Amino acid sequence: MMRLMLLSTLLWLVPTAAWAQFEIDGEGSLLLANDRTVEFDYGFSYYLQEGQYRFIVGRQSLNVPSVPQKYSLALILQQDKAVWVPDFINDPLLGFELTIDDYVIKLYQDDSARQAPGRFVVSLNGELFHFSRGPGQINFYFTEQGIKEVRVEGMFKPRR
C-alpha cells in the first residue's frame, strides 16, 4: 500500500507536459496546374516514442525536445501562374482546400481579385488574403494539446 501511495505521489509530481501528445488529422484536395485534382492527407502529430518526442507534419517526421512553438507552411507564387506548396506536393498548384482541426484553408483563383497577383486568394475560415512580395506563410501555433491558432503571414488583406 505504501508503494502505491509513493508511486501515486511521484506521478503527481511529474509535469503533465511530459505526457503531452496529440494527433490532428487533416484532409483536402489539390488542384494541380494540369487541372488534375488529387486528394491528400495532411496533419500534425506529437508523441513520445522510445524515450524521444516525435513531431510529424504531413509526410515529414523529426525528433524534438518539446512541442514546437509553430510550424510554417510556405506558399510560393511562381510568375503569377501557379503556387508551389512543397509540403503538399512537388507540382505547381492552381488551388487547394485543407480542413484541419477547426480550420478551413483554401487557395483559389478569383477573377474578381484584380489586385491579387495571379488573382490568387488564400482564405482562412473565410478571411481573405492576397500575395505580397515573397512567399506567403500559413503558420500553425501549438500548445501541448494541439493547434492553438493559425495565422496567414507575408500576405495582405484586400481592401473592401
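Is Arg 151 buried, partly exposed or exposed? Keep in mind that this is a predicted model. Arg 151 counts as partly exposed, because its relative accessibility is 35%, and buried would need under 20% while exposed would need over 50%.

Now look at the partners of Arg 151. One is Glu 149: a salt bridge joins the two, with the closest N and O atoms 3.0 Å apart. Another is Glu 153, whose side chain meets that of Arg 151 in a salt bridge at 3.4 Å, N to O. Together, Glu 149, Arg 151 and Glu 153 form a network of salt bridges. Both glutamates are partly exposed: Glu 149 has a relative accessible area of 28%, and Glu 153 sits at 25%.

How many salt bridges does the count come to? The count comes to 3. Among them is the pair Lys 157 and Glu 127, at 2.4 Å from N to O. This pair links distant parts of the chain, 30 residues apart. Lys 157 lies in the segment after β15, and Glu 127 lies in strand β12. Lys 157 is exposed, at 52% relative accessibility. Glu 127 is partly exposed, at 34%.

Last stop: Leu 94. Find it in strand β9, residues 93-100. Leu 94 counts as buried, because its relative accessibility is 17%. What does Leu 94 touch, beyond residues up to four places away in sequence? Its contacts include Leu 31, Leu 32, Ala 33, Leu 107, Tyr 108 and Phe 120. Take Phe 120: 26 residues along the chain from Leu 94, with 8.2 Å between the C-alpha atoms.

Definitions and conventions. Residues are numbered from 1 along each chain as its sequence is written. This is a predicted model: local features need pLDDT of at least 70, side-chain atom pairs count only at pLDDT 80 or more; totals for chains, interfaces and linings use all residues. Side-chain values use heavy atoms; hydrogens and water are left out. Helices (H or I, at least four residues) and strands (E, at least two) are DSSP runs, numbered from the N terminus. Buried means under 20% relative accessible area, exposed over 50%, partly exposed in between (1.4 Å probe, protein chains only). Contact means heavy atoms within 4.5 Å. A salt bridge is a side-chain nitrogen of Lys or Arg within 4 Å of a carboxyl oxygen of Asp or Glu.
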